[in-house]
Amino acid sequence: MSGNGGKDRQTLTEVKERLASTLREARDQIVALKEEVDRLAQPPARYGLFIEANEDGTADIFTGGRTLRVNVAPAVDVQTPGRGQAVLLNEPLNVTEARGYERVGDVVTLKEVLEDGERALVVGHTDEERVVRLAEPLLA
């Protein structure tokens, strides 16, 4: 009877180890699923166009048809984005990431570059004239 008890303990220990391993795997899966649910529940991010950095660490951006002065996340160097570069905004409209330059838009004809060298008069497809700001790559 004593030889059988040792085998029972060994079997019981193996079962406990398998159960503990299964529980750890299940916990890891639950944590991963919770992170995914949290990520999917976040509100959508908005994009804006960087205009300029300000001395107080804020930035002027253009989004939703208006110019706003917004805060910049500490992880983003406010001097890094160039004029016209896309920036990612969180829900309270703080700059959280600098992105690339927009690669799509309206086709216009350049009529003239204005005296300040930063704006231009363009003509759209309906012969509508508009003044636009030139993006950083176009200034060079």
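Predicted model: local features only at pLDDT ≥ 70, side-chain atom pairs only at ≥ 80, totals over all residues.
Figure 1. Of the 140 residues, 23% count as buried.

**Figure 2. Overall dimensions of the chain.** The C-alpha trace spans about 100 × 35 × 25 Å along its principal axes. The radius of gyration is 29 Å, whereas a compact globule of 140 residues would have a value near 14 Å. Among contacts with a separation of 6 or more, 31% are between residues 24 or more positions apart.

**Figure 3. Order of the secondary-structure elements.** The chain contains two helices and eight strands. Read from the N terminus, the elements follow the pattern α-β-β-β-β-β-β-β-β-α.

**Figure 4. The open five-stranded sheet.** Five strands form an open sheet in the order β3-β2-β1-β4-β5, and their pairing is antiparallel. Strands β3 (66-70) and β5 (95-101) lie at the edges, each pairing on one side only. From one strand to the next, the twist averages 40°. In general, the strands of a sheet pair through backbone hydrogen bonds, in either a parallel or an antiparallel manner.

**Figure 5. Close-up of the pairing between β2 and β3.** Strand β2 (residues 59-63) is joined to β3 by five bridges, and the two strands run antiparallel.

How values were computed: Residues numbered from 1 in each chain as written. Heavy atoms only, no water. Pairing = 2+ DSSP bridges. Helix = DSSP H or I, 4+ residues; strand = E, 2+ residues; numbered from the N terminus. Axes fitted to C-alpha atoms, helices over the stretch in contact; angles between N-to-C directions. Rg over C-alpha atoms; globule rule 2.2 N^0.38 Å. Buried < 20%, exposed > 50% of the residue type's maximum accessible area, 1.4 Å probe, protein only. Contact = heavy atoms within 4.5 Å.
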